[in-house]
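Okay, thanks for coming, everyone. Let me put the protein up on the screen, and then we'll walk through it together.

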Amino acid sequence: MQLNSSFKQSESFSLTKEPNPEEPEVDKEAEVTITRPSLPASTGEGVGIYLGQRNNSLAFQKSEELQKTLLLHRHERQLIILQDFPDPDALSCAWTYQLIAQQYDIKCEIIYAGTLSHQENIALVKLTGLPAQRWTPQTIKGKDLSCYQGFILIDNQGTTSQLLTSVQQAGIPLVAVIDHHSLQTELKADFVDVRPYVRATATIFTQYLQAGLLGLDSSISQHVKCATALMHGLRSDTNRLMQAQEEDFMAAAYLSRFYDAQLLNAILQANRSKRVMDVIERSLKNRIVQNNFSIAGVGYLRYDDRDAIPQAADFLVTEENVHTAVVYGIVHDEDDELEVVIGSLRTTKLTLDPDEFIKEAFGQDSTGRFFGGGRTGAGGFEIPMGFLSGGNENSAYARMKWEVFDAQIKQKLLRLVNPKDNPIQSE
(Lines give C-alpha, C1' and ligand atoms only; values in the text may rest on other atoms or scores of the structure.)
Protein backbone atom coordinates (compact mmCIF):
# COMPACT_ATOMS: atom_id res chain seq x y z
CA MET A 1 0.00 0.00 0.00
CA GLN A 2 1.36 3.39 -0.96
CA LEU A 3 1.17 5.97 1.82
CA ASN A 4 2.50 9.47 1.58
CA SER A 5 4.62 10.33 4.61
CA SER A 6 6.33 13.38 3.06
CA PHE A 7 4.22 16.50 2.83
CA LYS A 8 4.81 20.21 2.48
CA GLN A 9 4.95 21.99 5.78
CA SER A 10 1.65 23.71 5.09
CA GLU A 11 -1.03 22.71 2.59
CA SER A 12 -4.67 23.70 2.26
CA PHE A 13 -7.42 21.12 1.72
CA SER A 14 -11.19 21.29 1.47
CA LEU A 15 -12.55 19.03 4.17
CA THR A 16 -16.09 17.90 4.86
CA LYS A 17 -17.18 18.39 8.45
CA GLU A 18 -19.22 15.74 10.23
CA PRO A 19 -22.28 17.21 12.05
CA ASN A 20 -21.73 17.40 15.81
CA PRO A 21 -24.71 18.15 18.06
CA GLU A 22 -22.41 19.60 20.72
CA GLU A 23 -21.08 22.32 18.40
CA PRO A 24 -22.79 25.30 16.77
CA GLU A 25 -23.82 24.81 13.18
CA VAL A 26 -21.09 25.69 10.68
CA ASP A 27 -20.66 25.55 6.95
CA LYS A 28 -20.31 22.09 5.50
CA GLU A 29 -17.15 23.05 3.68
CA ALA A 30 -14.26 24.65 5.53
CA GLU A 31 -10.76 25.62 4.45
CA VAL A 32 -8.18 24.56 7.01
CA THR A 33 -4.41 24.50 7.13
CA ILE A 34 -2.57 21.47 8.48
CA THR A 35 1.06 20.64 8.81
CA ARG A 36 0.75 16.84 8.44
CA PRO A 37 -1.95 14.25 7.74
CA SER A 38 -4.05 14.27 10.89
CA LEU A 39 -7.35 13.14 12.28
CA PRO A 40 -9.68 15.41 14.23
CA ALA A 41 -8.69 16.32 17.75
CA SER A 42 -9.64 13.73 20.34
CA THR A 43 -12.19 16.07 21.89
CA GLY A 44 -14.29 15.91 18.74
CA GLU A 45 -13.36 19.43 17.67
CA GLY A 46 -11.94 19.69 14.19
CA VAL A 47 -13.10 19.11 10.70
CA GLY A 48 -12.17 15.64 9.58
CA ILE A 49 -9.39 13.32 8.51
CA TYR A 50 -6.70 14.18 6.00
CA LEU A 51 -8.17 13.25 2.64
CA GLY A 52 -5.06 12.47 0.62
CA GLN A 53 -5.60 9.11 -1.08
CA ARG A 54 -8.78 8.69 0.98
CA ASN A 55 -10.61 6.86 -1.77
CA ASN A 56 -7.89 4.28 -2.38
CA SER A 57 -6.13 4.00 0.97
CA LEU A 58 -7.50 1.40 3.34
CA ALA A 59 -5.09 2.59 6.02
CA PHE A 60 -6.58 6.09 6.11
CA GLN A 61 -10.11 4.73 5.83
CA LYS A 62 -9.59 2.43 8.82
CA SER A 63 -7.92 5.22 10.80
CA GLU A 64 -10.97 7.38 10.28
CA GLU A 65 -13.31 4.54 11.29
CA LEU A 66 -11.31 3.88 14.45
CA GLN A 67 -11.34 7.58 15.32
CA LYS A 68 -15.13 7.64 15.00
CA THR A 69 -15.41 4.51 17.16
CA LEU A 70 -13.24 6.07 19.87
CA LEU A 71 -15.41 9.19 19.83
CA LEU A 72 -18.50 7.03 20.38
CA HIS A 73 -16.88 5.33 23.38
CA ARG A 74 -15.46 8.39 25.14
CA HIS A 75 -15.13 8.23 28.95
CA GLU A 76 -15.39 4.42 29.01
CA ARG A 77 -13.25 1.81 30.71
CA GLN A 78 -12.08 -1.02 28.48
CA LEU A 79 -10.10 -4.26 28.60
CA ILE A 80 -7.49 -5.03 25.97
CA ILE A 81 -7.29 -8.82 25.73
CA LEU A 82 -4.13 -10.37 24.30
CA GLN A 83 -3.36 -13.98 23.46
CA ASP A 84 -2.36 -16.09 26.47
CA PHE A 85 1.33 -15.82 25.57
CA PRO A 86 1.65 -12.36 24.03
CA ASP A 87 4.49 -11.58 21.67
CA PRO A 88 6.20 -8.21 21.01
CA ASP A 89 3.73 -7.41 18.23
CA ALA A 90 0.72 -7.84 20.51
CA LEU A 91 2.28 -6.09 23.51
CA SER A 92 3.45 -3.04 21.57
CA CYS A 93 0.14 -2.61 19.73
CA ALA A 94 -1.90 -2.92 22.92
CA TRP A 95 0.21 -0.17 24.49
CA THR A 96 -0.25 2.01 21.41
CA TYR A 97 -4.03 1.55 21.55
CA GLN A 98 -3.99 2.46 25.24
CA LEU A 99 -2.12 5.70 24.51
CA ILE A 100 -4.44 6.57 21.62
CA ALA A 101 -7.53 5.84 23.71
CA GLN A 102 -6.31 8.07 26.57
CA GLN A 103 -6.94 11.07 24.32
CA TYR A 104 -10.64 10.19 24.38
CA ASP A 105 -10.72 9.71 28.17
CA ILE A 106 -10.89 5.94 27.65
CA LYS A 107 -9.07 4.01 30.35
CA CYS A 108 -7.67 0.66 29.20
CA GLU A 109 -6.12 -2.28 31.01
CA ILE A 110 -3.94 -4.67 29.00
CA ILE A 111 -4.43 -8.28 30.15
CA TYR A 112 -3.28 -11.78 29.21
CA ALA A 113 -3.89 -15.17 30.83
CA GLY A 114 -0.61 -16.98 30.27
CA THR A 115 2.90 -15.84 31.00
CA LEU A 116 5.83 -13.95 29.52
CA SER A 117 8.46 -16.65 29.14
CA HIS A 118 10.47 -15.51 26.13
CA GLN A 119 13.49 -13.60 27.36
CA GLU A 120 12.93 -10.76 24.87
CA ASN A 121 9.30 -10.33 25.97
CA ILE A 122 10.34 -10.12 29.60
CA ALA A 123 13.03 -7.57 28.72
CA LEU A 124 10.56 -5.56 26.61
CA VAL A 125 8.08 -5.22 29.47
CA LYS A 126 10.68 -4.52 32.14
CA LEU A 127 12.85 -2.06 30.21
CA THR A 128 9.99 -0.01 28.76
CA GLY A 129 7.56 -0.25 31.68
CA LEU A 130 4.92 -1.61 29.31
CA PRO A 131 1.71 -1.80 31.40
CA ALA A 132 0.53 -5.36 30.74
CA GLN A 133 -1.06 -7.45 33.51
CA ARG A 134 -1.46 -11.18 33.94
CA TRP A 135 -5.02 -12.23 34.79
CA THR A 136 -5.43 -15.99 35.12
CA PRO A 137 -8.87 -17.60 34.53
CA GLN A 138 -9.14 -17.84 38.32
CA THR A 139 -8.10 -14.20 38.82
CA ILE A 140 -10.72 -12.85 36.44
CA LYS A 141 -13.50 -14.72 38.26
CA GLY A 142 -12.75 -12.65 41.34
CA LYS A 143 -12.83 -9.35 39.44
CA ASP A 144 -15.77 -6.99 39.27
CA LEU A 145 -16.16 -6.73 35.50
CA SER A 146 -19.22 -4.50 35.67
CA CYS A 147 -16.97 -1.43 35.58
CA TYR A 148 -15.88 -2.20 32.00
CA GLN A 149 -18.00 -1.00 29.08
CA GLY A 150 -16.12 -2.80 26.31
CA PHE A 151 -13.19 -5.01 25.37
CA ILE A 152 -10.65 -4.97 22.54
CA LEU A 153 -8.90 -7.86 20.78
CA ILE A 154 -5.45 -6.98 19.42
CA ASP A 155 -3.21 -9.34 17.43
CA ASN A 156 -5.73 -12.12 18.08
CA GLN A 157 -9.40 -12.88 17.54
CA GLY A 158 -10.17 -14.42 20.90
CA THR A 159 -9.36 -18.00 19.93
CA THR A 160 -6.06 -17.98 21.85
CA SER A 161 -7.26 -16.41 25.11
CA GLN A 162 -8.61 -18.20 28.17
CA LEU A 163 -10.11 -14.90 29.36
CA LEU A 164 -12.57 -14.42 26.52
CA THR A 165 -15.31 -16.66 27.95
CA SER A 166 -15.41 -14.84 31.31
CA VAL A 167 -15.52 -11.44 29.61
CA GLN A 168 -18.33 -12.53 27.29
CA GLN A 169 -20.28 -14.08 30.16
CA ALA A 170 -20.05 -10.75 31.98
CA GLY A 171 -21.91 -9.19 29.05
CA ILE A 172 -19.07 -6.86 28.05
CA PRO A 173 -19.43 -5.91 24.37
CA LEU A 174 -16.66 -6.31 21.81
CA VAL A 175 -15.66 -2.83 20.67
CA ALA A 176 -12.77 -3.49 18.28
CA VAL A 177 -10.70 -6.25 16.68
CA ILE A 178 -7.35 -5.30 15.15
CA ASP A 179 -5.27 -8.18 13.82
CA HIS A 180 -3.13 -9.38 10.93
CA HIS A 181 -3.96 -13.08 11.11
CA SER A 182 -6.45 -14.82 8.86
CA LEU A 183 -10.08 -14.49 9.89
CA GLN A 184 -10.85 -17.24 12.44
CA THR A 185 -14.56 -16.70 12.96
CA GLU A 186 -17.30 -14.17 12.28
CA LEU A 187 -16.64 -11.08 14.35
CA LYS A 188 -19.30 -8.67 15.56
CA ALA A 189 -17.68 -5.48 16.77
CA ASP A 190 -18.05 -1.74 16.31
CA PHE A 191 -14.67 -1.67 14.55
CA VAL A 192 -12.90 -4.49 12.71
CA ASP A 193 -9.53 -4.14 11.01
CA VAL A 194 -8.27 -7.60 10.07
CA ARG A 195 -5.63 -7.58 7.33
CA PRO A 196 -4.03 -11.01 6.80
CA TYR A 197 -1.74 -9.71 4.05
CA VAL A 198 -0.03 -7.31 6.46
CA ARG A 199 3.06 -8.83 8.05
CA ALA A 200 2.65 -7.29 11.53
CA THR A 201 -0.12 -5.70 13.55
CA ALA A 202 2.55 -3.14 14.49
CA THR A 203 2.46 -1.97 10.86
CA ILE A 204 -1.30 -1.37 11.12
CA PHE A 205 -0.89 0.64 14.33
CA THR A 206 2.00 2.63 12.92
CA GLN A 207 -0.28 3.58 10.03
CA TYR A 208 -2.80 4.81 12.59
CA LEU A 209 -0.05 7.00 14.04
CA GLN A 210 0.93 8.26 10.60
CA ALA A 211 -2.70 9.20 9.98
CA GLY A 212 -2.66 11.34 13.11
CA LEU A 213 -4.46 9.24 15.72
CA LEU A 214 -1.54 10.00 18.05
CA GLY A 215 1.16 12.57 17.45
CA LEU A 216 4.41 10.99 18.65
CA ASP A 217 6.79 13.38 20.36
CA SER A 218 10.43 12.37 20.73
CA SER A 219 10.70 14.55 23.84
CA ILE A 220 8.13 12.38 25.64
CA SER A 221 9.78 9.31 27.17
CA GLN A 222 6.63 7.19 27.00
CA HIS A 223 6.24 7.90 23.27
CA VAL A 224 9.87 6.94 22.62
CA LYS A 225 9.49 3.67 24.53
CA CYS A 226 6.23 2.85 22.76
CA ALA A 227 7.82 3.53 19.35
CA THR A 228 10.70 1.25 20.38
CA ALA A 229 8.23 -1.48 21.33
CA LEU A 230 6.44 -1.09 17.97
CA MET A 231 9.75 -1.33 16.12
CA HIS A 232 10.52 -4.52 18.04
CA GLY A 233 7.08 -5.95 17.25
CA LEU A 234 7.42 -5.10 13.56
CA ARG A 235 10.94 -6.51 13.44
CA SER A 236 9.90 -9.69 15.27
CA ASP A 237 6.92 -10.52 13.06
CA THR A 238 8.79 -9.85 9.81
CA ASN A 239 11.78 -12.02 10.74
CA ARG A 240 14.09 -9.03 11.25
CA LEU A 241 12.46 -7.30 8.25
CA MET A 242 13.55 -10.09 5.89
CA GLN A 243 9.88 -10.89 5.19
CA ALA A 244 8.80 -7.26 5.27
CA GLN A 245 6.82 -5.68 2.46
CA GLU A 246 6.71 -2.07 1.33
CA GLU A 247 4.26 -0.89 3.96
CA ASP A 248 6.28 -2.59 6.72
CA PHE A 249 9.42 -0.75 5.60
CA MET A 250 7.46 2.50 5.46
CA ALA A 251 6.20 1.91 8.98
CA ALA A 252 9.74 1.18 10.16
CA ALA A 253 10.96 4.36 8.47
CA TYR A 254 8.34 6.38 10.33
CA LEU A 255 9.20 4.76 13.68
CA SER A 256 12.91 5.41 13.07
CA ARG A 257 12.28 9.08 13.89
CA PHE A 258 11.18 8.24 17.42
CA TYR A 259 12.52 4.89 18.67
CA ASP A 260 15.52 4.38 20.95
CA ALA A 261 18.05 2.16 19.16
CA GLN A 262 20.04 1.58 22.33
CA LEU A 263 16.95 0.46 24.23
CA LEU A 264 15.95 -1.88 21.41
CA ASN A 265 19.43 -3.38 21.34
CA ALA A 266 19.22 -4.03 25.09
CA ILE A 267 15.91 -5.86 24.58
CA LEU A 268 17.36 -7.98 21.78
CA GLN A 269 20.47 -8.86 23.81
CA ALA A 270 18.45 -10.69 26.47
CA ASN A 271 20.05 -14.08 27.12
CA ARG A 272 18.33 -17.44 26.67
CA SER A 273 17.79 -19.32 29.90
CA LYS A 274 19.28 -22.76 30.51
CA ARG A 275 15.78 -24.28 30.35
CA VAL A 276 15.25 -22.83 26.86
CA MET A 277 18.58 -24.28 25.75
CA ASP A 278 17.54 -27.67 27.19
CA VAL A 279 14.33 -27.62 25.13
CA ILE A 280 16.27 -26.77 21.97
CA GLU A 281 18.62 -29.67 22.73
CA ARG A 282 15.61 -31.98 23.22
CA SER A 283 14.14 -30.91 19.90
CA LEU A 284 17.42 -31.77 18.15
CA LYS A 285 17.51 -35.23 19.72
CA ASN A 286 13.86 -36.06 19.02
CA ARG A 287 13.40 -34.60 15.55
CA ILE A 288 12.46 -36.64 12.52
CA VAL A 289 13.02 -35.23 9.03
CA GLN A 290 10.82 -36.17 6.09
CA ASN A 291 10.30 -34.33 2.81
CA ASN A 292 12.25 -31.36 4.17
CA PHE A 293 9.97 -31.14 7.24
CA SER A 294 11.59 -31.38 10.67
CA ILE A 295 9.14 -32.53 13.36
CA ALA A 296 10.05 -32.74 17.04
CA GLY A 297 8.17 -33.47 20.24
CA VAL A 298 9.89 -32.13 23.35
CA GLY A 299 7.80 -33.77 26.07
CA TYR A 300 6.59 -31.91 29.16
CA LEU A 301 7.37 -28.25 29.83
CA ARG A 302 6.56 -25.90 32.66
CA TYR A 303 4.04 -23.20 31.87
CA ASP A 304 6.72 -20.54 32.29
CA ASP A 305 8.89 -22.17 29.61
CA ARG A 306 6.23 -22.26 26.89
CA ASP A 307 8.11 -19.80 24.66
CA ALA A 308 10.99 -22.27 24.37
CA ILE A 309 8.85 -24.12 21.79
CA PRO A 310 8.85 -21.40 19.10
CA GLN A 311 12.54 -20.75 19.79
CA ALA A 312 13.27 -24.42 19.16
CA ALA A 313 11.27 -24.25 15.90
CA ASP A 314 13.27 -21.16 14.89
CA PHE A 315 16.45 -23.17 15.45
CA LEU A 316 15.38 -26.36 13.65
CA VAL A 317 14.29 -24.54 10.49
CA THR A 318 17.89 -23.38 9.99
CA GLU A 319 19.08 -26.97 9.39
CA GLU A 320 20.33 -27.82 5.93
CA ASN A 321 17.66 -29.35 3.65
CA VAL A 322 14.85 -28.34 6.02
CA HIS A 323 12.29 -25.77 4.91
CA THR A 324 9.68 -26.30 7.65
CA ALA A 325 10.00 -27.13 11.34
CA VAL A 326 7.25 -28.07 13.80
CA VAL A 327 8.01 -28.36 17.50
CA TYR A 328 5.42 -29.26 20.14
CA GLY A 329 5.13 -30.33 23.74
CA ILE A 330 2.73 -30.68 26.66
CA VAL A 331 2.75 -27.46 28.66
CA HIS A 332 1.79 -28.00 32.29
CA ASP A 333 0.47 -25.36 34.70
CA GLU A 334 1.11 -26.83 38.14
CA ASP A 335 -1.11 -24.29 39.92
CA ASP A 336 -4.23 -25.06 37.92
CA GLU A 337 -3.52 -28.68 36.98
CA LEU A 338 -3.98 -27.54 33.39
CA GLU A 339 -2.25 -29.18 30.45
CA VAL A 340 -2.25 -28.08 26.82
CA VAL A 341 -0.46 -29.44 23.77
CA ILE A 342 1.27 -26.40 22.30
CA GLY A 343 3.17 -26.33 19.03
CA SER A 344 4.91 -23.87 16.73
CA LEU A 345 5.60 -23.99 13.01
CA ARG A 346 8.29 -22.09 11.15
CA THR A 347 8.82 -22.28 7.39
CA THR A 348 10.96 -20.72 4.68
CA LYS A 349 8.93 -22.32 1.87
CA LEU A 350 7.04 -19.56 0.08
CA THR A 351 4.34 -21.89 -1.25
CA LEU A 352 3.46 -23.31 2.17
CA ASP A 353 0.66 -21.42 3.93
CA PRO A 354 1.07 -22.06 7.70
CA ASP A 355 -2.55 -21.09 8.37
CA GLU A 356 -3.96 -23.60 5.87
CA PHE A 357 -1.46 -26.30 6.87
CA ILE A 358 -2.23 -26.14 10.60
CA LYS A 359 -5.98 -25.90 10.12
CA GLU A 360 -5.98 -28.89 7.79
CA ALA A 361 -3.72 -30.90 10.10
CA PHE A 362 -5.59 -30.36 13.38
CA GLY A 363 -9.07 -29.22 12.39
CA GLN A 364 -11.63 -27.71 14.77
CA ASP A 365 -13.08 -28.33 18.21
CA SER A 366 -16.74 -29.06 18.94
CA THR A 367 -17.64 -25.36 18.79
CA GLY A 368 -16.10 -24.90 15.35
CA ARG A 369 -12.97 -23.13 16.52
CA PHE A 370 -9.72 -24.13 14.88
CA PHE A 371 -6.99 -25.46 17.15
CA GLY A 372 -4.45 -23.24 15.45
CA GLY A 373 -3.57 -20.97 12.59
CA GLY A 374 -0.79 -18.86 11.24
CA ARG A 375 0.59 -16.11 9.09
CA THR A 376 3.39 -15.84 6.56
CA GLY A 377 6.30 -18.02 7.66
CA ALA A 378 4.92 -18.98 11.07
CA GLY A 379 2.03 -20.64 12.83
CA GLY A 380 0.99 -22.28 16.06
CA PHE A 381 -1.56 -24.57 17.68
CA GLU A 382 -2.99 -25.25 21.13
CA ILE A 383 -4.95 -28.40 21.93
CA PRO A 384 -6.50 -28.67 25.43
CA MET A 385 -6.08 -32.07 27.05
CA GLY A 386 -9.21 -31.75 29.16
CA PHE A 387 -9.93 -34.82 31.29
CA LEU A 388 -6.42 -36.19 30.69
CA SER A 389 -4.76 -33.15 32.27
CA GLY A 390 -2.64 -33.73 35.34
CA GLY A 391 -2.04 -36.96 37.21
CA ASN A 392 1.62 -37.14 36.23
CA GLU A 393 2.93 -38.22 39.62
CA ASN A 394 3.20 -41.73 38.23
CA SER A 395 6.14 -41.53 35.82
CA ALA A 396 5.04 -44.60 33.86
CA TYR A 397 1.59 -43.06 33.26
CA ALA A 398 3.10 -39.68 32.32
CA ARG A 399 5.39 -41.37 29.80
CA MET A 400 2.53 -43.39 28.32
CA LYS A 401 0.36 -40.27 28.02
CA TRP A 402 3.13 -38.39 26.24
CA GLU A 403 3.75 -41.28 23.84
CA VAL A 404 0.07 -41.31 22.85
CA PHE A 405 -0.09 -37.58 22.21
CA ASP A 406 3.29 -37.58 20.48
CA ALA A 407 2.16 -40.34 18.11
CA GLN A 408 -1.16 -38.59 17.41
CA ILE A 409 0.47 -35.24 16.59
CA LYS A 410 3.01 -36.91 14.31
CA GLN A 411 0.26 -38.88 12.61
CA LYS A 412 -1.74 -35.75 11.83
CA LEU A 413 1.32 -33.86 10.58
CA LEU A 414 2.81 -36.68 8.51
CA ARG A 415 -0.55 -37.34 6.88
CA LEU A 416 0.11 -34.06 5.05
CA VAL A 417 3.89 -34.23 4.85
CA ASN A 418 4.13 -37.83 3.61
CA PRO A 419 0.62 -39.08 2.84
CA LYS A 420 1.77 -42.43 1.41
CA ASP A 421 3.67 -43.44 4.54
CA ASN A 422 2.35 -44.83 7.78
CA PRO A 423 3.37 -42.09 10.24
CA ILE A 424 3.51 -44.40 13.23
CA GLN A 425 5.91 -46.76 11.49
CA SER A 426 8.00 -43.99 9.97
CA GLU A 427 10.01 -43.51 13.14
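Predicted model: local features only at pLDDT ≥ 70, side-chain atom pairs only at ≥ 80, totals over all residues.

Now, is glutamate 339 buried or exposed? Its relative accessible area is 0%, so glutamate 339 counts as buried, given that the cut-off is under 20%. What does its side chain touch? There's a polar contact, at 3.4 Å, between the side chains of glutamate 339 and histidine 332. Leaving aside neighbours within four places in sequence, the contacts of glutamate 339 include Tyr300, Ile330, Pro384, Met385 and Lys401.

Let's zoom out to the sheet. We have an open sheet of 6 strands with mixed pairing, and the order is S9-S10-S11-S12-S14-S13. Which strands stand at the edges? Those are S9, residues 288-290, and S13, residues 372-375. Each has a single partner strand, so one side of each has no neighbour in the sheet. Going from one strand to the next, the twist averages 15 degrees.

A bit of background here: strands in a sheet pair through backbone hydrogen bonds, and they can be parallel or antiparallel. Take S9 and strand S10, which covers residues 293-302: they run antiparallel and are joined by 3 bridges. Across that pair, glutamine 290 stands opposite phenylalanine 293 in S10.

Helices pack here too. Helix H10, residues 274-286, packs on the sheet and touches S9, S10 and strand S11 (324-333). The direction of H10 makes about 135 degrees with that of S10. Then there's helix H12, residues 354-362, lying across S10, S12, S13 and S14. H12 runs at about 165 degrees to S13.

On to the nonpolar cores. How many residues does the largest one have? It has 55, and the ones with the most contacts inside it are Ile80, Leu82, Tyr97 and Ile154. Helix H2, residues 88-102, gives the most to this core, with 9 residues. If you click on leucine 82 and skip its neighbours within four places in sequence, you'll see contacts with Ala90, Leu91 and Ala94, among others, and also with Ile154. There's a second, separate core as well, with 22 residues, including Ile295, Ile330, Val341 and Leu352.

One more helix I like is H6, residues 201-210. 10 of its 10 residues are buried, so H6 is largely enclosed by the rest of the structure. Among them are Thr201, Ile204, Phe205, Tyr208 and Leu209. Just after H6, glycine 212 takes a positive phi of about 105 degrees.

Now the overall numbers. The chain has 13 helices and 14 strands, and of its 427 residues, 53% count as buried. Among contacts with a separation of 6 or more, 67% come from residues 24 or more positions apart.

Last thing: how confident is the predictor? The mean pLDDT of the chain is 84, and 84% of the residues reach 70 or more. Over residues 1-38, though, pLDDT is below 50, and the model has 74 contacts for that stretch beyond near neighbours in sequence. Residues 40-56 stay under 50 too, with 44 contacts beyond four places in sequence. That's my tour, thanks!

Technical notes
Residues numbered from 1 in each chain as written. Heavy atoms only, no water. Core = buried A, V, L, I, M, F, W, Y, C linked by side-chain atoms within 4.5 Å. Buried < 20%, exposed > 50% of the residue type's maximum accessible area, 1.4 Å probe, protein only. Helix = DSSP H or I, 4+ residues; strand = E, 2+ residues; numbered from the N terminus. Contact = heavy atoms within 4.5 Å. Pairing = 2+ DSSP bridges. Axes fitted to C-alpha atoms, helices over the stretch in contact; angles between N-to-C directions. pLDDT = per-residue confidence, 0-100. Polar contact = N/O pair within 3.5 Å; in protein donor to acceptor, adjacent residues only side chain to side chain.
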